[in-house]
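Hi,

Here is the model I promised to pass on. Have a look at it, and below you'll find my notes.

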Amino acid sequence: MSELALPKIDNSILNRKSEIVKNLSKLTDKENVLSEADELRPYETDALSVYTQTPLAVVLPENTDEVSEILKYCYSENIKVVPRGAGTGLSGGALPLQDAILLGLGKFNKILEIDYKNKCVVTQPGVTNLGITHAVQHKGFYYAPDPSSQLACSIGGNVAENSGGVHSLKYGTTTNNILGVQMVMMDGTICRFGGKSFDQEGYDLMGLICGSEGLLGVVTEVTVKILKTPDVVRAALIGFPSIKEGGDAASEIISSGIVPAGMEIMDKALIEATDNFSKAGYPRDAELLLIVELDGTESEVDELIRKVEAICKKNNCSSLKLSNSEKERLSFWAGRKAAFPACGAMAPDYYCMDGSIPRGKLAEALLEIKKLSEKYELPVANCFHAGDGNLHPLIMFDGNDKEQLRKTEEFGSEILKTCVRLGGVITGEHGVGIEKRELMCEMFNDNDIQQQLSIKKSLDEKNLLNPGKVYPILRKCAEEGRVHVHKNKDKFPDLPRF
Amino acid sequence: MSTKIKINSQIFQDSNNVYYPKDEVEVSDLIRELYEQDSPTEIIGNNSKSFIGNKTQSANTTSLSKISGIIDYRPEELYIKVKACTPINEIDKVLSENSQELAFEPIDFGYIKDGKSNKGTIAGYLSCNYAGSRRFKVGSVRDHVLGFKGVNGKGDIIKSGGTVVKNVTGYDLSKLIAGSFGTLVALTEITLKVLPKKDSSKTVIIYPDNFEQIYDFFNKLSSSSSEISGAVFIPEQSNDKEFSVKRNNVFKFNDLKSKVSFVAFRVEGDKISIEEKINNLKKELELNNSDISTLDVYQSEPFWKKINNLEVFEKTEHNLIRMVIPPANGSKLSKYLENNHNYFIDWCGSLFWIEVNSKKEEKIKDLKKMANDFGGYLTVIKTSSEYDYGEPIFTVDKVRLMISEKVKQSFDPKRILNPGKMYRGV
């Protein structure tokens with residue numbers, strides 16, 4: 001991708017590398033501090049692998065006190081810190097910095113307590129999202145948010161990104177499913193927000209931390225809510241002859257009072273790609289495919305299925321299949337879940353975008369993306385969490401071709417601007433990271449961004465924790481004329497600009 | 001306390017010197033001027049909940065009540081965008097016309113204040129973040145806020161969030177604003193997630209034999225896949241005759257034995273699934289040979305209104321406490337309360353509403369200690385006229401207070417907005 005603007009490198013830190021590594025080794029087992037080139041290589045990127053950087057060193061602490069001591073040390077020595085969970089983030093939030101230590105939470109991999117009476121699990125942040133469900137499913141419980149990377153992504157990373165999944169409309173995202181967090185601030189202060197009870201009084205600091213992309217603190221423990229698995233879950237696989245008819249049916253399902261557990265839309269390009277890849281048995285003649293999942297008690301689901309069927313028929317669906325077994329339901333999802341690898345098989349590289357739009361604007365958005373695809377001469381396939389309005393266009397390109405890289409980036413950026421123009425946002429669940437920093441100005445004005453930076457400054461006054469992420473680097477924003485800078489003096493000279 | 005200052009803005013002021021800005025620009029102008037003059041202001045909406053929280057130490061009062069009206073309601077997109085001080089009743093009405101609702105079931109604090117319904121405004125409600133009986137199932141007020149606009153303590157108009165449920169663009173300030181008691185921004189616009197109203201409801205009443213049984217019921221109810229949307233325990237309070245009479249009157253329903261202790265749980269949905277769920281739950285709770293009553297929809301709806309109006313504590317002149325704890329500790333707490341205070345339990349065992357007689361004020365300290373020990377918190381929602389604020393009415397620990405001060409500083413560095421409403425220094 002194009003040249004990335006990152007915070008100015010502090011050469012004095014680079015020069016002190018061996019001393020810093022030595023000091024860090026006193027704060028945790030010395031085996032937990034990695035500093036050789038070959039040891040650092042696996043940490044050079046997260047799942048936005050087009051950007052790579054080698055960190056100064058990697059530290060893998062084993063408990064909260066060690067995290068606190070490490071942060072305290074870095075704070076006093078002005079060393080930047082980039083926290084990292086499982087490294088599955090798609091927006092470059094865990095991209096290392098050359099003069100920063102990378103703080104990996106991989107060793108925080110234990111579930112601490114399963115409390116069925118209070119319907120919660122207390123876990124360390126390195127435990128995977130699916131690991132929580134696995135720990136409680138024998139008793140008929142599960143953890144609701146299910147990002148597609150749930151097999152690998154860590155719950156700490158989910159908190160940092162406020163991850164969602166396909167069931168967000170009915171069951172919410174991470175912020176709606178956690179009860180408490182323990183967190184260490186940049187100066188080493190250990191704090192606890194929430195616990196096992198609902199709605200902590202006072203400022204909702206847990207709500208602020210959730211989705212803050214590792215800029216405000218390092219989460220070292222999470223208490224999540226668990227839910228009882230529904231009695232019956234059934235899915236419907238419905239093909240439509242046009243985008244409009246499928247989109248209208250999805251809107252009508254919602255406005256008729258149904259809250260589906262999940263509702264997904266795939267366009268023709270993706271139907272073909274996934275069907276070729278996973279042999280899911282999707283209707284290949286359809287222009288749009290809708291998967292609706294309903295859960296509840298038996299009679300509840302029967303009634304909902306009946307309503308969904310009627311709405312889809314009214315909107316001229318070309319095919320309609322209902323799952324009659326768990327195996328069949330999973331087969332409906334198999335293609336959708338293979339969307340990313342299917343695109344990966346069609347082109348050397350693909351770039352996954354992540355915007356949200358109002359559900360009713362789907363046809364308009366897809367039409368616009370089609371036009372952009374023609375303009376940039378790059379193929380695109382679209383999947384859409386129709387329940388919650390989250391759109392994931394997958395742009396296919398060849399990363400070895402510099403011109404294609406540039407065009408892909410521009411294409412992606414135009415898609416997200418379209419989302420904002422249609423009343424949506426630039427990121428639904430992947431986070432801003434480094435990928436969408438400069439697009440923040442599309443959504444927020446100077447006041448909005450300054451308020452957010454002001455919060456950052458109040459909790460990390462030296463701007464040491466994950467700097468350069470989420471908020472626009474001044475130069476680019478100013479060039480684009482969105483932040484008013486007069487004679488090189490901005491409105492709040494006392495505030496940091498990251 | 002600051003002295004009165006002259007404000008240059010041409011903003012309407014009534015005979016009590018309350019400012020009434022009519023839009024966000026006027027709110028911004030006013031607060032900017034107060035900021036420049038270092039003169040704090042109390043922020044109010046319709047005054048329905050202004051009795052909750054500490055008294056602010058400010059020379060000015062700003063009412064946002066003129067900033068009212070529905071901006072954009074999209075039933076098919078499941079959101080409503082309103083001006084901040086739109087009355088909840090107005091929102092309820094328009095949602096109801098489309099068979100939708102605010103799922104968090106707003107509490108009507110008017111009854112405990114002066115015995116009359118007054119749900120107040122959505123901004124006031126969001127600022128308190130006190131959800132009703134459905135909370136344990138659907139989340140709190142903060143879980144239903146998609147975005148907001150408002151004015152910070154420097155007079156800057158700021159916004160966060162949007163109209164979509166999935167949005168991770170920047171810090172989630174909507175959560176921070178919920179429950180901030182107007183100490184961070186003067187709200188001007190709020191976007192809320194709305195949900196379809198369920199077709200019907202029924203409430204099943206069980207008469208437990210002992211405390212262990214109550215929490216056994218609560219545990220089984222919250223562990224069931226047959227979803228309930230409300231579960232309360234209303235104890236018999238025979239040691240307080242006056243309260244007992246009031247309680248029995250409030251819960252006078254044809255199909256309810258109101259004079260004894262009871263657990264009530266609500267099932268919502270279409271009629272067939274309601275029956276199915278009730279049958280499942282009866283089996284799971286082993287109720288088939290027990291004495292139970294069922295309230296049909298015509299009794300069920302008013303029953304839950306009475307719960308969410310806090311009608312058993314109507315016009316209370318004592319201290320009214322709201323305590324939230326993890327449900328597994330509820331049994332111990334209810335045993336303690338039995339002989340000490342009037343109370344009832346909501347949220348399937350998590351939320352306790354406790355009335356502490358003004359003569360027993362020192363007991364609040366004990367209760368706060370219990371709340372802390374049990375992993376929860378308490379708030380004194382309404383104070384008796386004799387309350388001396390010796391025991392702070394909110395619960396906060398040192399670290400959270402320190403962080404709260406920093407957050408406050410980032411929104412409102414000169415503490416212009418509702419200073420001291422929650423904590424000293426915030």
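Chain B meets chain A through 72 of its residues, which are in contact with 74 residues of chain A; contact here says that the C-beta atoms of two residues, placed from the backbone, lie within 7 Å. Bear in mind that this is a predicted model, with local features needing pLDDT of at least 70, side-chain atom pairs counting only at pLDDT 80 or more, and totals for chains, interfaces and linings using all residues. Residues are numbered from 1 along each chain as its sequence is written, while chains are lettered from A and ligands numbered from 1 in the order in which they are written.

Several elements of chain B each give at least two residues to the side that touches chain A, among them α5 (135–138), β8 (157–161), α9 (271–284) and β18 (377–382). Helices (H or I, at least four residues) and strands (E, at least two) are DSSP runs, numbered from the N terminus. The largest share of that side, nine residues, belongs to α13(B). By class, the side of chain B that touches chain A has 28 nonpolar, 29 polar and 15 charged residues. For the classes, Ala, Val, Leu, Ile, Met, Phe, Trp, Tyr, Cys and Pro are nonpolar, Asp, Glu, Lys and Arg are charged, and the others, Gly among them, are polar.

Next, a sheet in chain B. Three strands form an open sheet in the order β1-β3-β2, paired in parallel; strands pair if DSSP finds at least two bridges between them. At the edges sit β1 (18–19) and β2 (41–44) of chain B, each pairing on one side only. Four bridges join β2(B) to β3 (residues 60–63) of chain B in the parallel sense, and B:T41 has B:N60 in β3(B) as its bridge partner.

Then a helix pair: the axes of α7(B) and α11 (residues 330–338) of chain B come within 9 Å and cross at roughly 145°. Axes are lines fitted to C-alpha atoms, for helices over the stretch in contact, with angles from 0 to 180 degrees between N-to-C directions. On the α7(B) side, B:F211, B:E212, B:I214 and B:Y215 meet B:G330, B:S331, B:S334 and B:K335 of α11(B). That contact has three nonpolar, three polar and two charged residues.

Finally, the domains: chain B is assigned domain 1 (70–196) and domain 2 (200–311), with bounds from an automatic or database domain assignment. Their centres, taken over C-alpha atoms, are 28 Å apart. Nine residues of domain 1 of chain B and 10 residues of domain 2 of chain B make the contact.

Cheers
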